[in-house]
Amino acid sequence: MPKKSIAIIGGGIGGLSSATFLARLGYKVTIYEKAKGPRPFGAGFLLQPPGQKVLAELGVLEEVEQLSVPIDGLVSKTSADRQLLNLNYSHIQGNRMHGLGVQRSSIYNALYNLALSRESIDFVWGADVVLNNANEQPSIQLGSSTQEYHLCVLASGSNSHLADAIFPDRVKKPYQWKCLWANIKLPIDFSENKLHQRCHHASKMMGILPVCRSHDGVDAVLYWSLSEEEAGCFSEQSFIVIKQEIMRFWPEASMSIEPLEYADFIVANYNDIWTPKPFHKNCILIGDISHSTSPQLGQGCTMALLDSWLLAQCLDSGQDTQDSLNEWWRLRKRQVKYVRYVSKLLTPLYQSDKKIFWWFRDYIVAPLGKVPWLYKLQINTLASNVFLKTKR
Ligand SMILES: Cc1cc2nc3c(=O)[nH]c(=O)nc-3n(C[C@H](O)[C@H](O)[C@H](O)COP(=O)(O)OP(=O)(O)OC[C@H]3O[C@@H](n4cnc5c(N)ncnc54)[C@H](O)[C@@H]3O)c2cc1C
């Protein structure tokens with residue numbers, strides 16, 4: 001017999017993984033998802049070693065690994081071929097010493113099918129819910145029906161407004177710079193085990209991340225920095241100019257960019273989100289709705305997975321729910337805070353119009369980054385290995 005019922009709002013990466021972890025503990029879980037059906041969309045991202053560990057705990061790591069590419073490290077250079085970063089996961093001590101370049105759909109599908117296979121998880125699609133957290137038991141109103149739950153997990157991503165009223169001290173600020181994303185074939189002569197990045201000052205940045213081996217080569221995602229102004233007027237006309245610029249910027253990749261059409265590109269916005277205490281009574285925020293950064297550090301998916309795993313570990317301890325939530329935040333807080341500060345510090349070095357930022361990056365940060373302990377700090381930061389705490 002299921003013991004208590006939990007509502008999860010948002011069936012993305014954090015919501016789906018939480019659902020399975022909580023169902024395993026015996027909870028009856030209902031996922032309320034705004035979309036009308038499963039959304040295995042998105043470009044791709046870097047999944048860090050602790051994120052892989054969470055997938056292993058869920059039993060889907062092998063499945064995801066077969067569809068992804070191991071990434072040994074990150075190489076970042078200026079357009080004048082000056083090396084800014086050359087980070088290698090093999091310099092970290094531990095069992096898993098690589099990142100995974102992965103399409104969002106590969107992780108999404110694995111987590112969705114896992115949740116679908118559990119009888120104690122229900123999906124409500126196209127759900128436009130109202131959350132009421134005034135009482136001890138949170139309640140969810142959907143149309144004319146209202147349902148009480150023991151706990152509500154809000155996992156509705158960085159653009160959701162559901163937390164605004166309950167967490168008034170939550171910080172949410174859009175980043176001024178955006179990104180253009182597209183799926184491409186990995187250019188010839190690019191290593192399939194590296195995240196490749198090229199910058200000109202801080203106003204131009206392009207990255208190429210291998211994400212999947214396919215019958216005709218390696219698929220990769222391309223990202224290209226856009227200023228707020230460029231993003232605002234991105235259209236079929238401006239696309240032609242931007243595409244030419246991207247091809248000139250990295251001529252060795254131009255063959256892979258040439259076939260792309262306007263519809264192949266997605267403009268992505270990012271928010272700096274921080275919630276000083278991401279739970280209130282029996283309502284908790286996990287993933288991007290609680291803490292979100294720019295994608296420079298490749299942490300979003302890993303942080304959401306860690307939130308969900310730790311939450312289940314803490315709820316499993318048999319303590320009172322409030323004590324479990326307090327313990328969860330005690331274990332998560334330092335890492336989440338650290339990732340946010342590093343992201344806020346580094347983002348302007350790669351996305352800004354100001355000379356001082358790229359000058360500081362090229363002539364101070366890059367040389368200092370070769371000092372052994374700073375190098376170690378950088379690679380451990382990339383690998384989500386700083387202030388990482390779990391209960392097992
Ligand atoms: C369609 C999509 C594509 C993405 N593509 C990329 C990508 O290419 N690269 C990248 O780095 N990151 C991408 N992301 C973000 C990435 O998945 C997250 O940063 C990360 O996985 C953290 O996950 P999360 O569970 O916090 O949020 P998400 O995975 O974003 O999931 C949030 C979920 O909540 C749902 N939701 C939102 N509002 C409500 C509401 N009011 N009621 C109910 N449900 C709601 C959304 O539809 C979504 O399914 C994408 C997210 C989405 C939703």
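Two strands are taken to pair if DSSP finds at least two bridges between them, and helices (H or I, at least four residues) and strands (E, at least two) are DSSP runs, numbered from the N terminus. The model is predicted, so that local features need pLDDT of at least 70 and side-chain atom pairs count only at pLDDT 80 or more, whereas totals for chains, interfaces and linings use all residues. Residues are numbered from 1 along each chain as its sequence is written.

In the pairing of strand 4 with strand 7, Pro 70 stands opposite Leu 100 of strand 7; strand 4 and strand 7 (residues 99-103) are joined in the antiparallel sense over 3 bridges. These elements belong to an open sheet of 3 strands, arranged in the order 3-7-4 with antiparallel pairing. Strand 3 and strand 4 (69-71) lie at the edges and each has a single partner strand, so one side of each is left without a neighbour in the sheet. From one strand to the next the twist averages 30°, where axes are lines fitted to C-alpha atoms, for helices over the stretch in contact, and angles run from 0 to 180 degrees between N-to-C directions.

A further set of antiparallel pairings involves strand 9 (residues 130-132) and strand 10 (residues 139-142), which are joined by 3 bridges and connected as a hairpin through 6 residues. Val 130 has Gln 141 of strand 10 as its bridge partner, and Gln 141 in turn is partnered by Thr 146 in strand 11. Strand 10 and strand 11 (residues 145-148) run antiparallel and are joined by 4 bridges; their hairpin has 2 residues between the strands, and Gly 143 in the turn has a positive phi of about 60°.

The ligand is surrounded by 32 residues, of which the closest are Gly 10, Gly 12, Gly 14, Gly 42 and Gly 287, a residue being counted as near if its C-beta atom, placed from the backbone, lies within 6 Å of the molecule. Helix 1 (13-24), strand 3 (44-47) and helix 8 (300-315) are the elements that give two or more residues to this shell.

The UniProt annotation "transmembrane region", from an unreviewed entry, covers residues 6-27; such annotations may be inferred rather than shown by experiment. Over residues 6-27 the chain is 55% helix and 18% strand, with the end C-alpha atoms 7 Å apart.

Helix 9 (residues 321-350) has 30 residues and reaches 42 Å from its first C-alpha to its last, close to the 44 Å expected at 1.5 Å a residue, the expected span being 1.5 Å times one less than the number of residues.
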